[in-house]
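Subject: Structure handover and notes

Dear colleague,

Here is the structure for your files. My notes on it follow below.

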Amino acid sequence: MLEVEPMAKSETGASALQPILVLKKVRTLLECFSVERPTLTLQQIRQASGLPASTCQRLVQNLVREGFLDRDGDEYRIGLGLVRWSAPGTYGLDMVRLTRPALQRLRDETGETACLYVRDGPYRTIVALAETRHVVMRLFRVGMVMALHAGSAGKVFLSYDRAAFRDAVAHGLSRFTPMTVTDVDVLTAQMEQIRRDGYAASFEERDFGAASISAPVFGFHGEPVAALGIGAPSQRLTPADVPRLAPLVVEAAADASRRMGFEPGIVDTPAP
C-alpha cells in the first residue's frame, strides 16, 4: 500500500486533504519516465524528480510493490499493472467503441494485430487493438506510446496533419534504428507519397524485425482523428506483401471513418 503522509490542519483546526503531498510526489516520479528514457536507475529517478533520497527510495519501493513500476535489476520502468489499469479508460471513448468492428475485421482479414492510434503532440498512443492469433507476434498493448516520425501510423499523422509534423520536427527526430528517417527533407517527400497512396508502410523504423501498414481515419468534419493499421514481424510482413495488404488497411480505415460520421464527397478532407 502506498504510504500516506499526514494531512495538514486547516485554519479552523480540521484536517484538510492536500493533493500536493504524496500523490503529487507519485506523479513527479512517474513523469520522470518518457519514450526517450523508458528505463531509469534509482539515482536517475532521484535526480530527475528532485525528491530527497530517502523519500524517493521509499516511494519507488512502494510503487514497485503495488505494480505502478516494474524493476529489472537496477533499472525501473512504468509497470505493466499501470498500463493494464489504464486500458478500461479507453473503452468509454466513442471512437474506440465506434471503430472496434473495423479493427476486428482487419485483424480477421489479415491475420495480424490491428491497432487504433490517436495523437498527443509529437507522440501516438494505442487506444484499441485486436490481437493476432499467431503465436509469434509483435507485442502491442493499449496505452503504448511511440514517436510520430518512426513507423507507419505516426507517418500517417504527419502526412495529414500540419500540426503533427510541426510538433514532431520541433521535438526532434530521434534515431531508433538505421532505418529511422531523421532528415526533414526526406520525411517531407515520404509524406507526399503517403498522401498519394492513401497509406503508409514501414519496415524496422522503430524496432528491428517489425513492420506495419497504416491509413488515416477521418472525423465528421474531415479532420484526421486517428490512424488504423496492422503490425507484424517483418518475416510475415515484407515489402512484397504491401500490394495485397494495403488495400485491406485502407478499406478498414475508410470503414472506421464512416463509422465516425465522415462522408467522402460531402465533407472533403482538409489539405495538409
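Which helices and strands do the buried residues of helix 3 pack against? They pack against two helices, helix 1 (22-30) and helix 2 (42-49), and against strand 4 (69-72) and strand 5 (75-78). Please bear in mind that this is a predicted model.

Overall

The protein has nine helices and eleven strands. Of its 272 residues, 42% are buried. Among contacts with a separation of 6 or more, 59% join residues 24 or more positions apart. The accessible surface is about 14100 Å², and carbon and sulfur atoms account for 55% of that surface.

Helix 3

Helix 3 runs over residues 53-65, 13 residues in all. From first C-alpha to last it reaches 18 Å, close to the 18 Å expected at 1.5 Å a residue. Its buried residues are Thr55, Cys56, Leu59, Val60, Asn62 and Leu63. Seen down the axis of helix 3, these residues fall within an arc of 165 degrees, so they line one face of the helix. Just after the helix comes Gly67, with a positive phi of about 90 degrees.

Helix 7

Helix 7 spans residues 162-171, and its buried residues include Ala164, Phe165 and Ala168. These three cover an arc of only 100 degrees around the axis, which puts them on the same side of helix 7. The face turned away from that buried side carries Arg162, Arg166 and Ala170, which are exposed. The packing partners of the buried residues of helix 7 are strand 6 (113-120), helix 6 (152-160) and helix 8 (184-197).

Cavities

How many cavities of 30 Å³ or more does the structure hold? There are two.

Regards

Conventions:
Residues numbered from 1 in each chain as written. Predicted model: local features only at pLDDT ≥ 70, side-chain atom pairs only at ≥ 80, totals over all residues. Heavy atoms only, no water. Helix = DSSP H or I, 4+ residues; strand = E, 2+ residues; numbered from the N terminus. Buried < 20%, exposed > 50% of the residue type's maximum accessible area, 1.4 Å probe, protein only. Contact = heavy atoms within 4.5 Å. Areas by Shrake-Rupley, 256 points an atom, 1.4 Å probe, with all protein chains shown as cover. Expected span 1.5 Å × (residues − 1). Arc of directions from axis to C-beta. 1 Å grid on protein atoms, 1.4 Å probe; cavity = no way out; pocket = protein on both sides within 12 Å on 5 of 7 lines; lining within 4 Å. Points joined across faces, edges and corners; volume = space filled by probe spheres on them.
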